[in-house]
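This report describes a protein chain from the overall fold down to individual residues. The sequence and structure are shown first.

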Amino acid sequence: MREERGPRPVETGPTKSPDFSLDKPTLRQVILLISSLISLSHSVKVFASKWKLIRDKLEELNSGLIAADNCDSDENPAISDLIRKVIETAAECRDLACRCVDLSFSGKLLMQSDLDVICAKFDRHAKKLSDIYTAGILSQGFAIVVSRPGLGACKDDMRFYVRDIVTRMKIGCSDLKRQALVNLLAAVTEDEKYVKLIIEIGEIVNLLVNFLGSPETELQEAALKVLHKISGFDSYKPVLVGNGVIAPLIRVLESGSEEGKNIATRCLMKFTENSGNAWSVSAHGGVTALLKICSNADSKAELISPACGVLSNLVGVEEIKRFMIEEGAISTFIRLARSKDEAVQINSIVFLQNIAYGDESVNKFLVKDGGIRALVRVLDPKSSSSTKTLKVAMRAIENLCFSSISYVNILMNYGFMDNLLYFLRNGEVSLQEVALKVAARLCGTSDEVKKAMGDGGFMPEFVKFLGAKSFEVREMAAEALSELVMIPKNRKRFSQDNRNVEMLLQMLDTEEGNSGNKRFLFSILNSLTGSSSGRRKIVNSGYMKNIEKLAEAEVYDAKKLVRKLSTNKFRSMLNGIWHS
């Protein structure tokens with residue numbers, strides 16, 4: 001049988017103590033007495049911090065007494081003795097509260113000392129009640145379930161609700177504890193204010209952490225869900241770490257249920273966003289446990305993906321990175337880069353990029369174990385890689401390989417340029433932009449690459465992007481072309497199409513100011529003057545007056561172009577054009 005009770009009403013102003021006989025008081029009467037004290041404490045305006053501590057203890061004790069009221073406790077001597085002591089302490093507390101309200105105390109120091117004593121007494125009573133439950137002295141009859149306050153409820157009602165949950169987590173049977181955790185998760189999911197209350201009521205965090213070591217899977221998983229929710233708040237992560245959450249999370253990784261492992265890994269991913277927690281994860285065996293998950297053929301993608309994420313967060317610590325390499329992490333993640341699961345594939349590629357970026361010795365391991373080949377295979381148009389995966393793979397190749405000519409040559413041998421050109425032509429818009437950025441960077445690696453890209457058909461694609469709406473895209477295309485036309489063969493190929501030169505000159509008219517794009521356009525035109533056919537096409541285009549105006553306006557690149565065109569052979573031709 002379950003009975004629902006709403007949040008207790010919050011009274012304002014001093015309240016009269018409940019009138020009942022102390023010969024044989026009931027738990028219900030004591031609960032009323034404690035509730036009246038909580039209300040009275042709100043009327044005290046002095047020693048606010050002291051009274052807040054007392055009020056917290058009163059609420060904790062009251063939650064425990066409410067739970068005890070539902071047990072077969074009327075004739076229990078342990079409860080009877082506790083009731084007597086609580087009433088005595090409550091009477092002392094009421095006297096102190098009234099004196100604080102009336103400001104009738106004799107000295108501040110003496111009153112502060114008395115308040116500390118009262119707080120300690122209520123703390124002992126709460127612990128005694130907890131010990132009675134732990135010892136199994138009380139048997140559970142039925143549970144009064146305090147209903148969760150609605151959205152916009154006052155803090156006191158919310159706090160009372162959380163306090164009731166804390167009591168059930170501490171002294172209830174397994175079913176009550178599980179339900180309490182379910183209710184707590186629902187509360188923090190619906191209203192973030194409950195998360196703050198959990199942090200304020202410090203003991204609840206410790207209870208949640210302790211549940212991670214529970215042999216009961218349901219309790220463990222329920223606690224994990226609440227902790228995962230709290231770990232999403234940056235300001236509260238240090239509180240969880242300070243309460244020792246990392247070690248039990250790793251124990252769950254090692255021996256928990258599949259769902260438990262998954263949630264624990266996601267919690268660790270949030271904690272390791274701060275590199276300061278990396279050593280704590282490593283010290284408790286977390287790196288080994290995570291690598292085991294990733295290398296185990298039986299591990300599910302739902303677990304491998306966040307495990308990759310945690311390890312990626314940890315590679316920034318040099319010693320941990322070296323340990324991963326020694327444990328064979330690179331070969332493991334190269335294998336995972338071929339996964340059919342998008343999240344696993346992406347996270348494994350990101351891991352490889354993070355562990356090798358800027359470290360030549362690790363890059364050598366990557367090449368030796370087939371890492372470059374694996375990344376190029378991800379870009380195979382025949383593969384089932386998603387657009388998101390393709391973007392990640394392109395960026396990884398750019399970051400890991402373009403700084404070394406030898407790695408670029410390996411890429412070319414594996415057919416990387418063919419794959420890149422395919423997506424430059426046929427990819428969706430966002431993928432084309434990434435491919436263009438990578439291609440533009442590739443142009444600057446070596447003259448051999450420039451020649452290969454010219455032969456491979458990249459220039460017509462770059463020309464198409466010169467007409468794009470996006471300024472950034474136009475600028476990348478112009479930059480790439482300015483690199484390729486440095487090669488005589490490419491220059492000749494480009495200038496053979498009259499439309500190419502015409503388009504460049506038209507764009508000089510439309511590009512505003514002295515933009516980067518205009519600079520690259522002039523760079524292309526200056527390169528074209530290296531051949532007589534290129535110079536002739538520029539001079540005969542009808543745009544020379546525009547170029548002259550830019551030169552007269554002290555545009556450096558325009559002046560440079562005019563100087564190159566003003567050779568003996570073309571001077572008379574130019575004079576005729578400029579003065580016509």
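## Overall architecture

The model is predicted. The protein chain contains 34 helices and two strands. Of its 580 residues, 52% count as buried.

Among contacts between residues at least 6 apart in sequence, 72% join residues at least 24 apart. The chain exposes about 26,500 Å², and carbon and sulfur atoms supply 49% of that area.

## The enclosed helix α17

Helix α17 spans residues 329–336. Six of its eight residues are buried, so this helix is largely enclosed by the rest of the structure. The buried positions are Ala329, Ile330, Thr332, Phe333, Ile334 and Leu336.

These buried residues of α17 pack against α14 (286–295), α15 (301–314) and α16 (318–326), and also against α18 (342–356), α19 (360–368) and α20 (371–378).

## Packing of α21 with α24

Helix α21 (residues 387–401) packs with helix α24 (residues 429–443) at an angle of about 10 degrees, and their axes are 10 Å apart. Because angles under 35 degrees count as roughly parallel, α21 is described as roughly parallel to α24.

On the α21 side, the contact is formed by Thr387, Leu390, Lys391, Met394, Arg395 and Glu398. On the α24 side, Ser430, Leu431, Val434, Ala435, Lys437, Val438 and Arg441 take part. By class, the contact of α21 with α24 has six nonpolar, two polar and five charged residues.

## Ser482 in helix α27

Ser482 belongs to helix α27, which covers residues 471–484. Its relative accessibility is 4%. Since buried means under 20%, Ser482 counts as buried.

A polar atom of the Ser482 side chain lies 2.6 Å from the backbone oxygen of Glu479. When neighbours within four places in sequence are left aside, Ser482 is in contact with Phe520, Ser523 and Ile524.

## Gly242 in helix α10

Gly242 is located in helix α10, residues 237–242. With a relative accessibility of 67%, Gly242 counts as exposed, because the exposed class begins over 50%.

Gly242 and Asn206 are separated by 36 residues in sequence, and their C-alpha atoms are 9.8 Å apart in space.

Terms used
Residues are numbered from 1 along each chain as its sequence is written. This is a predicted model: local features need pLDDT of at least 70, side-chain atom pairs count only at pLDDT 80 or more; totals for chains, interfaces and linings use all residues. Side-chain values use heavy atoms; hydrogens and water are left out. Helices (H or I, at least four residues) and strands (E, at least two) are DSSP runs, numbered from the N terminus. Buried means under 20% relative accessible area, exposed over 50%, partly exposed in between (1.4 Å probe, protein chains only). A polar contact is a pair of N or O atoms within 3.5 Å; within protein, one must be able to donate a hydrogen and the other to accept it, and residues adjacent in sequence count only if both atoms are side-chain atoms. Contact means heavy atoms within 4.5 Å. Axes are lines fitted to C-alpha atoms, for helices over the stretch in contact, and angles run from 0 to 180 degrees between N-to-C directions. Angles under 35 degrees count as roughly parallel, over 145 as roughly antiparallel, 65 to 115 as roughly perpendicular and the rest as oblique. Ala, Val, Leu, Ile, Met, Phe, Trp, Tyr, Cys and Pro count as nonpolar, Asp, Glu, Lys and Arg as charged, and the others, Gly among them, as polar. Accessible areas come from the Shrake-Rupley method with a 1.4 Å probe; for residues, only the protein chains shown count as cover.
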